[in-house]
Amino acid sequence: MGMHVAASMTRGDFLRGAVCTGLLASGSGCMTARSGLFGSVKGAPMHGFAAPRLGRIRLGIVGVGSRGFGVIGRVCCLPGVEIVALCDINPDKIAAAQALLSKKGRPAATEYLGTEAWRRLCDAEDVDVVYNTTPWSLHVPVQLAAMRGGKHVLTEVPSAFTVDECWELVETSERTARHCMQLENCCYGEIEMLTFNLAKLGMLGEIVHGEGAYIHDLRHMCESEYPGCEYWRFDENRAHGGNRYPTHGLVPLCLTMDINRGDRLDYLVSLDSSKANFGAYMDARLAVGNPRRGADMKMADMNSSLLKTAKGRSILVQHDVSSPRPYSRIQLVTGTKGAICDYPFRVVFEDGVGTGAHEWYDAARAGEIREKYRHPLWKTIGRLAERVGGHGGMDFIMDARWVYCLQQGLPLDMDVYDLAATSCLCELTEKSVEHRSRAYDIPDFTRGAWRANRPMDIVDIDLGKMGVDECEAGRAEGQLSV
Ligand SMILES: NC(=O)c1ccc[n+]([C@@H]2O[C@H](COP(=O)([O-])OP(=O)(O)OC[C@H]3O[C@@H](n4cnc5c(N)ncnc54)[C@H](O)[C@@H]3O)[C@@H](O)[C@H]2O)c1
């Protein structure tokens with residue numbers, strides 16, 4: 001497989017040891033076993049971490065653009081959540097958000113306007129949770145400030161971009177004992193949750209391989225005519241090769257494969273295709289004189305990365321946001337007893353259903369399985385979620401789950417180690433591409449605790465406890481449907 005390069009070695013074990021030793025001394029939460037001082041620290045204290053119940057959740061949203069605006073409509077359907085703070089650099093975005101709050105019969109939120117105003121929001125006394133829907137360059141600074149200000153923080157994907165940033169988030173979450181969750185909504189997709197359910201019920205047997213992707217033609221987002229387009233995403237893609245958006249395809253597979261909970265991501269190799277699409281598309285559409293014409297794109301049309309897990313399983317992760325092809329997250333999981341795949345949805349079991357390779361295409365049988373083994377969470381809240389909206393409902397289910405967990409004092413579904421193990425692919429895939437697909441180690445952010453960490457359960461929500469009135473919760477504005 002070629003030489004391994006330990007990109008994880010950029011921050012010392014000494015520092016990590018010191019951080020957790022400090023935690024032990026202050027008694028604030030390194031709960032997993034660790035074997036000693038300075039450099040031999042073991043454990044992932046934020047895995048399984050539950051904060052005291054938060055019956056009333058005071059939410060501050062940083063970045064009320066496309067994603068941040070959608071949050072408002074969704075959480076207004078969830079009793080006990082109050083949007084108390086809105087932050088943006090654009091007064092029009094804040095005004096639109098306030099108008100939506102008013103339409104929903106909610107009080108106006110405190111406004112934080114300006115490029116550095118998020119710092120004040122992260123320190124505000126009346127905010128419990130920061131919902132970070134900013135452009136990528138702000139993801140890490142806002143998370144660090146939020147946790148240091150005593151808030152739980154939820155951040156859009158990818159939540160970090162380098163191995164160092166991932167370690168800093170891990171260490172800050174541990175030191176402050178604040179949740180730091182990546183808002184990977186695709187984990188709550190109907191097929192992703194069905195896959196998880198089938199895997200946990202043993203229907204797929206021993207899982208050996210997974211494939212996930214973000215294949216989404218986004219070329220139009222970089223045209224100036226695109227409503228609300230700020231160009232920031234184009235500039236990020238211009239500046240980086242590798243997979244700059246790995247989490248939609250990968251994180252659901254990680255939960256199904258018990259990554260950080262019995263297995264872990266070990267190393268990767270990554271390969272870029274040529275770059276024929278994006279630049280040509282832009283040049284054909286942008287006015288002469290636009291500085292983005294003729295841009296030297298580092299992002300390839302297709303990036304393919306192969307990951308090996310400690311238990312020997314393999315994962316393919318792809319990224320393509322510039323080709324004229326149908327949307328897909330792939331979501332293939334194969335095991336010793338069956339396989340499941342999406343785009344289009346197909347399923348086969350060795351026993352009884354689709355025993356021959358060609359019965360894979362039996363849409364009627366696949367539909368029956370989809371219905372019968374629907375994840376309990378989708379059974380409970382799926383219809384309501386589809387009505388409220390947000391990527392077919394998964395955004396609402398994600399929000400309902402973290403709200404439910406905080407209100408009930410339960411651990412969140414994804415922790416800072418999940419964030420780190422998957423977001424660090426941004427740097428590692430780029431490095432691998434730059435070095436002829438050389439293998440790069442993926443750091444063990446759990447410091448060995450992955451061996452003993454409990455796998456995720458088949459979780460649900462009690463709508464009665466939440467007080468959600470299904471008739472009251474209507475369709476939320478500004479929801480994305482792709
Ligand atoms: N999970 C998903 O399905 C999904 C879908 C789309 C986008 N995203 C992610 O959501 C995030 C936001 O994307 P978007 O499409 O909403 O982008 P956007 O450009 O529409 O919104 C970003 C907002 O942040 C504001 N902003 C910029 N600088 C700021 C600052 N210094 N302080 C406060 N606000 C500032 C902008 O004015 C804008 O309103 C990104 O991380 C993106 O990757 C996730």
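Thr 133 is placed in the loop between strand 5 (129-132) and helix 5 (139-148), where helices (H or I, at least four residues) and strands (E, at least two) are DSSP runs numbered from the N terminus. The model is predicted, so that local features need pLDDT of at least 70 and side-chain atom pairs count only at pLDDT 80 or more, whereas totals for chains, interfaces and linings use all residues. Residues are numbered from 1 along each chain as its sequence is written, and side-chain values use heavy atoms, with hydrogens and water left out.

With a relative accessible area of 9%, Thr 133 is buried; this term denotes under 20% relative accessible area, exposed denotes over 50%, and partly exposed the range in between (1.4 Å probe, protein chains only). The C-alpha atoms of Thr 133 and Glu 156 are 5.5 Å apart, although the two residues are separated by 23 residues in sequence.

Glu 156 also takes part in a salt bridge with Arg 67, with 2.6 Å between the closest N and O atoms. Arg 67 belongs to helix 2 (residues 66-75) and Glu 156 to the loop between strand 6 (152-155) and helix 6 (163-176), so the pair ties together parts that are 89 residues apart in sequence. Both Arg 67 and Glu 156 are buried. A salt bridge is defined here as a side-chain nitrogen of Lys or Arg within 4 Å of a carboxyl oxygen of Asp or Glu, and by this rule the count is 24.

A further salt bridge joins Arg 329 and Glu 192 (2.9 Å, N to O). Arg 329 lies in the loop between strand 11 (314-320) and strand 12 (332-335), and Glu 192 in helix 7 (residues 190-200), so this pair ties together parts that are 137 residues apart in sequence. Arg 329 is buried at 6% relative accessibility, and Glu 192 is buried at 4%. Salt bridges with shared partners connect Arg 67, Arg 74, Glu 156, Asp 395 and Asp 399 into one network. The side chains of Glu 116 and Arg 119 also form a salt bridge, at 2.4 Å from N to O. Glu 116 is partly exposed at 44% relative accessible area, and Arg 119 is partly exposed at 44%.

Around the ligand there are 27 residues, of which Arg 67, Asp 88, Trp 136, His 139 and Trp 232 come nearest; a residue is near if one of its heavy atoms lies within 4 Å. This shell comprises eleven nonpolar, ten polar and six charged residues. Nonpolar refers to Ala, Val, Leu, Ile, Met, Phe, Trp, Tyr, Cys and Pro, charged to Asp, Glu, Lys and Arg, and polar to the others, Gly among them. Domain 1 (46-185) and domain 2 (186-451) both contribute residues to the shell, so the ligand lies between them; the domain bounds come from an automatic or database domain assignment.

A backbone N or O atom of Arg 67 is 2.7 Å from an oxygen atom of the ligand, and an N or O atom in the side chain of Asp 88 is 2.5 Å from a ligand oxygen atom. The protein covers 92% of the 850 Å² of accessible area that the ligand has on its own, areas being computed by the Shrake-Rupley method with a 1.4 Å probe. Helix 2, strand 3 (81-88) and helix 8 (232-239) are the elements that give two or more residues to the shell.

Methods: Polar contact = N/O pair within 3.5 Å; in protein donor to acceptor, adjacent residues only side chain to side chain.
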